Structure formats: structure tokens, C-alpha cells
Amino acid sequence: MALIEIRNLAKAFGTVKAVDDVTLDIGSGEFITLLGPSGSGKTTVLRMIAGFEDPDAGSISLAGEDITHLPPFDRDVNTVFQDYALFPHMTIQENVEYGLRTRKVPKVERAKQALDAIASVKLEQTADRLPHQLSGGQRQRIALARALVLRPRVLLLDEPLGALDRQLREEMQIELKKIQRDAGITFIFVTHDQEEAMRMSDRIVVFNEGKVEQVGTPQDVYNKPATRFVAGFLGAANILSGEDAKKIFGKSKTVSIRPERMRLQPSNSKISNDESSVSAVVQEAAFVGANTVYIVETEFGFRLNVSKTNTELLGQDKSFAAGDRVLVVWHNSQAAEIPA
Amino acid sequence: MLRISRLTKAILIAIVGFLLIFMYTPLFVLILNSFNESQISGWPIESFSTKWWAFAKDYQPIRDALLNSVLVATGAMIIASILGTLFAFAMKGFDFFGKSTVNILIVLPIALPGIVTGVAFSNTYSNFLSPAGINLGYFGMIVAHATFCIVMVFNNVFARLKRMNPSLQEASADLGAGLWQTFRLVTFPQFRTSFAAGALLAFALSFDEVVVTIFTAPPGVDTLPLWILKEVGRPNQASVVNVVATVVILLSLIPVYVSQRLARAQEEER
């Protein structure tokens, strides 16, 4: 049995269907990410699990118990807020003690647990300070400590790394993942950053316009996108459909091929049996550090993006330039057909 | 910072200085005269003494009036604090039909001329409630004061609630706190400074009110401003009146000053 079972969940704000018939099972100890653009319903689903929004329809159960309409304070889940929501008038220690205080843990015991939690995020020296005296990254860790000290079965994280700069964000991604593994707590993580989602998650749930587009491991979602939206949202994709697809594959279907799974060859070269190709002219070759990104126009008129990792030694680069006639080649297994 | 020439600066300082002298000389003269030895205020003051202060301290009508003023202002402040805060929460937390009208109705009493409020309350008490057997008396005066004091608390608390981060209350509930616990531990501490500032202003506003008091004070009951109004016509009481007026100035200014300091402290908190 899944730890959390979400069944046909729906929520509208006015006439806008924020969440539309979402069904999802989340396993114990899983790191699952709700991924989607802003307004796709991912945060609303999280807020309904936390109890901040009351669903219009459907149900949520936690360990077999129906929690759909329980108030937030009666649920064994805790939240790390996007803006951290530390209480500005309380010291860091008082903030972390807060949940223990509402659970009536004796004073000495709760101070001990809070200090342990603060130490576990390496911020012992800040216990007596006020939140506004801490940096964004430090507040983030305290928000985490405040939730984790209660040892919830499920931790909800609402874009917790959104306000951090890039380097700090990558450090925290690794640390969060480690904390989750060590504590064995189920993490439900909301983000709009597809790279973050793939880096951290056991499974990704892709949201669009209030609906779940696909659920799967990062590899599944990236390599076998279930919909056009998923193919376009996670990474770059060449999506061929209709007439364009017919000219290449002989029948009309929708196919997604990642730019890095295609390569360019001289136009007169050979390809192997399990590969396909189309001849094209290079329109643009852009050097972007680790990769070179080519935009080519095929003989059928549509354009493709092809990306090449720059592994050659300096001066030995046999790259193509704008105007070159080339063959765009890919292994047949790399063409992912998208169910209509 | 705006750069201005020395001449302009000097002129500006002169204007400000003139305005301050213009505004505060009368108050200063009044306070000095409260230490005038002579029975009648005059200038220059020939000899200083605390004679009238000593007289006022033991003079029963003044002691009664001071007690009344403090009681009325405290009562009005308490009523205004509770109702003003409740209003602020209602206006912040809910959308309902006629919300902007209600907002205006809360603010209106401070804009109404005191004489209108006074007549209205006086009529209501003597023409409706008394015939029905309800005599509010002293409490009626407090209620009348509270009507225009509510807005002080409401404005302060409402402004603060609007700036409050809504996820704080969610975080509190998320960490297991019930509604009352969240209010006590998270919400109230967030607006208590504004609340105190508003309450002090309400106290000051009620303390020096005279027009509404004239119409609603029960027979024989004087507040300090009312006592001054009655005595100022009698020439040989002038110096005692100055003493009482000085007390009214102090008891009105101190709450306003503290209230300003609280507001500033709160600015710095964020």
C-alpha cells in the first residue's frame, strides 16, 4: 500500500481549474517531485496535502487514514515554505522548538531536540539569533530543521531552493537528498526547475494546466515522454509530427528526438543499419562551452537542433560551419514516439 | 539627499523656527503661568511658586475630574482596542458584500463633528434608552468616546495585518498549533506594537475630548477638560486652570509620544 494515496483530486479558484482530477500514489521513503510551469497546479496539490487548501472533490489518505478535510495541525506532515516563514519575533531555537512546544514536549527535552536539529544543519552558533540576522541559505536550513525535528512521515517542500543563488542551490540539492536518504522520510518536492527535479528525484510527476501529464523516473520522463508537453518541458527536444514525420518515418506520428542524441556527418558518409538520417544544411553553429549547438535545415524544409559535446582536443575539432551540407544521423531507438 | 544652498538652508531653518515658536509659545506661557505665584495670570511673571500645584493636588473637584478622565479614557481605550482589532481582522480576513461601506462606517466617527456625535448620543440616551428604562449614565459617556477611538486601533492594526506574511500562520498550523495557539504565539506578537500604539492614541484622543463629553457626561460629573471649560470663565481660578491644563497637555502628549516611538521601533524591526 502506498503511503499517500491521492484520488481524483480537484480544486478550482473561481472559474480556473487549478487542479483537475489528479490521482497519484506516493511510496514510503520516496523522493517525489511535482514538476511543472507556474500555474500548473503543483503547488495547489502540495497545499492540499498540507491542509492549507480544502479540495473541491477527491480524497487524500495518509497511511490508510483519510486526511482530505483534516486541518493542518492534525496531519503528520510538515512543510518547508518557499519564503521559509520563520517566525520573525522568535529566536532560531524558539523557531525550531515551536512544533515541539505545540506537542507539549517538556522544556528541557525540547531544547535538547531543537539544538540537535540545529546542529544537524551545522548552524549551532545561530541558536540565539533572530531570523533576520541570518542569510537566505541559513534560514533555509533552519526552516528544514524546524520541520524535521518533528520527524514527520512526510515532508512537503514548496520550491525551497528558489530564492538561493545557483551555487548554494546546487549544494543544498545534494544536502537535501542526503538528509532524505538518511532520515528515510518521504519528500514531496515542488519545483519548476527540470534539472533540479531530475537531479534529486526518485520519481517525477509532470503537471500541466492542473493535470498530471506523466509520472516516472527521471530517465523514463526524459527518454520516453508521454506527451508533447513533457518532451518540450524537460530538456530540449526536436518534435516531429504530421507531414514532417511522414516524410522521414513514412507515416504520420509524433516523435521526439533529443538534440544530443543526434549527430552530424559529412553528407556523403555512410550510416549503419539501425540508424536513420536526413540530409540538411547547417544554418547556425553556436559554441556554448561544453557543447556546440547546431541549427540545421533539412531537405524537407523543417529545422532541427543538434547538440555535440566538445570533447576534441584544441585544434583537432572537425566541426561544421554554417552553409555546410551534412547528414543528421540518429539511432532508431533514440526516436521516442509520443502516444497521440 | 537634496542639495541646497546655505542661504536657502538658513531661510528654511528660520521658517521652521518661526512656525515652532508660533505653535508652542502659547503652551509654554500656559505652563509657566501654572507656576505663577499670583492668582491671576499675567506677564511678566513676578514670582514663581508651586503654590497652585499644591492647591490643585488637594482640591477635591480636580481630583475627581482627573479620576473621571482617566477612567473614561481607559474604558474607551479598552472598548476601542477590542472592537478595532476585531474589525481589522474581519476586514483583512474576509471578503463580504458591502465591505467598503463597512470600512467607511468605521472611519466616519472620527470625521464627524463632535457636536453632532454629542447631540446624537445625548438624544439616543435621553429620548430612547431612558424611556425604555435603560440608563447608561457614566458608561454612556465611555461608549460615546469609544466610537471615535475605534478608528485609531483599527487603522494601526489593519495596516500591520495587511503587511503580515500569510505563510506565518500556515507555518504555525503546520507545526501543530491550533487556532488560539497560533493567535497567541504568532499572530498577536506580529501586531502587538501597532495594537499598543493605536490604543495609546485612543487614550489620548479620549482624554482631551470635550464636545462629546459635554453632551454625554451625567449631571455633576466632570472630566478634566470639562472642568477647565467651566472654571475658565471665573477670573480668580486662572492659575489653577493653568495647572490642570498643564496636566492635560502631559497626559495627552505622553501617549502620543510613546505611540510614535513604538511605530518607529516596529519600522526598525523589519
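This report describes a predicted model with chains A and B, from the whole of chain B to one strand in chain A.

## Basis of the model

Residues are numbered from 1 along each chain as its sequence is written, while chains are lettered from A and ligands numbered from 1 in the order in which they are written. Because the model is predicted, local features need pLDDT of at least 70 and side-chain atom pairs count only at pLDDT 80 or more, whereas totals for chains, interfaces and linings use all residues.

## Chain B

Chain B contains 11 helices and 0 strands; here helices (H or I, at least four residues) and strands (E, at least two) are DSSP runs, numbered from the N terminus. Its pattern along the sequence is α-α-α-α-α-α-α-α-α-α-α. The C-alpha trace of chain B spans about 70 × 70 × 30 Å along its principal axes.

Of the 270 residues in chain B, 35% are buried. A residue is buried if 20 or more other C-beta atoms lie within 10 Å of its own, exposed if 12 or fewer, and partly exposed in between, with C-beta atoms placed from the backbone. Two residues are in contact if their C-beta atoms, placed in this way, lie within 7 Å. Among contacts in chain B between residues at least 6 apart in sequence, 76% join residues at least 24 apart.

## Where the chains touch

The contact between the chains takes 16 residues from chain A and 15 residues from chain B. On the side of chain A, β6 (77-80) and α2 (92-102) each supply at least two residues, and α2(A) gives the most, with 3 residues.

The residues on this side of chain A divide into 9 nonpolar, 5 polar and 2 charged. Ala, Val, Leu, Ile, Met, Phe, Trp, Tyr, Cys and Pro count as nonpolar, Asp, Glu, Lys and Arg as charged, and the others, Gly among them, as polar.

## Nonpolar cores

In soluble globular proteins, nonpolar side chains tend to be buried together. A nonpolar core is a set of buried Ala, Val, Leu, Ile, Met, Phe, Trp, Tyr and Cys residues joined through C-beta atoms within 7 Å. The largest such core has 75 residues, and those with the most contacts inside it are A:Ile49, A:Ala145, A:Leu155, A:Leu156, A:Ile188 and A:Val205. Helix α4 (residues 136-148) of chain A gives the most to this core, with 6 residues. Apart from it lies another core, of 40 residues, among them B:Phe87, B:Ala144, B:Leu201 and B:Phe215.

Leaving aside residues up to four places away in sequence, A:Ile188 touches A:Ile26, A:Ile32, A:Leu34, A:Leu46, A:Ile49, A:Val154 and A:Leu156.

## Strand β8 of chain A

A:Ile188 belongs to β8(A), where both faces are covered: A:Thr186, A:Ile188 and A:Val190 on one side and A:Phe187, A:Phe189 and A:Thr191 on the other are all buried. Thus 6 of the 6 residues of this strand (residues 186-191) are buried.

Two strands pair if DSSP finds at least two bridges between them. Strand β3 (residues 31-35) of chain A pairs with β8(A) in the parallel sense over 5 bridges, and the bridge partner of A:Phe31 is A:Phe187. Strand β7 (residues 154-158) of chain A also runs parallel to β8(A), joined by 5 bridges, with A:Leu155 opposite A:Phe187.
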